[in-house]
Amino acid sequence: MSKTPTLASAKRIVIKIGSSLIAESARLRASWLAAMAADIATLHAAGKEVILVSSGAVALGRPQVGLGAQKLSLEEKQAAAAAGQPLLIQAWSHAFAKHDIHVAQLLLTLEDSEDRQRYLNARATFTTLLTHKLIPIVNENDSVATAELKFGDNDRLAARVAVMLGADVLVLFSDVDGLYD
């Protein structure tokens, strides 16, 4: 019987962060983000390869587009994602810069993990970024995706990225109660 990898024994770790942890009332939770970046920087300094799957673009983009807390149409979600994605990557970039860590942005759709050539291209990009010690920050390409916005979140995308990269551990940070193994 094999032992389940832990963060201590894992070499490659995929961490997914839910929207409600990134933003509250469409405002960035900067101190939480800074603390998470510090924790990830500790893993990075220990030689771990960390891939971050980060939600939050729609939440951060709502005020940019002039949208309140109401339920959004698909087009409004896509517009909010397009407006919020630069804010999200800027926030992560700023948080990691304090630790002299550079980040890279990858916007994927589930189809990028299903089409063989796109899968291989994405995997090669991830591998190159990790080789150069950058932290890839992944989000669904919500401004062009439709099924993902209708059905959910980045949990499934994080799982596919973990499989694509042969990650040792996948950690999902969410506001949903429970512990899954």
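At the start of helix H5, a side-chain oxygen of Asp115 comes to within 3.3 Å of the backbone nitrogen of Gln117. The model is predicted, so that local features need pLDDT of at least 70 and side-chain atom pairs count only at pLDDT 80 or more, while totals for chains, interfaces and linings use all residues. Residues are numbered from 1 along each chain as its sequence is written, and side-chain values use heavy atoms, with hydrogens and water left out.

**Helix H5**
- The 16 residues of H5 (residues 116–131) should span 22 Å at 1.5 Å a residue, and its end C-alpha atoms are 22 Å apart, which agrees; the expected span is 1.5 Å times one less than the number of residues, and helices are DSSP runs of H or I with at least four residues.
- Tyr119, Ala122, Phe126, Leu129 and Leu130 are the buried residues of H5, where buried means under 20% relative accessible area and exposed over 50%, with a 1.4 Å probe and protein chains only.
- Seen down the helix axis, these buried residues fall within an arc of 100 degrees, so they line one face of H5, the arc being that of the directions from the axis to the C-beta atoms.
- The face turned away from the buried side carries the exposed residues Arg116 and Thr131.
- Just after H5, Lys133 takes a positive phi of about 70 degrees.

**The sheet**
- Five strands form an open sheet in the order S5-S6-S4-S1-S7, with parallel pairing; strands are DSSP runs of E with at least two residues, and two strands pair if DSSP finds at least two bridges between them.
- The edge strands, S5 and S7 (169–173), each pair on one side only.
- S1 and S7 run parallel and are joined by five bridges, and Ile17 stands opposite Phe173 in S7.

Technical notes: Polar contact = N/O pair within 3.5 Å; in protein donor to acceptor, adjacent residues only side chain to side chain.
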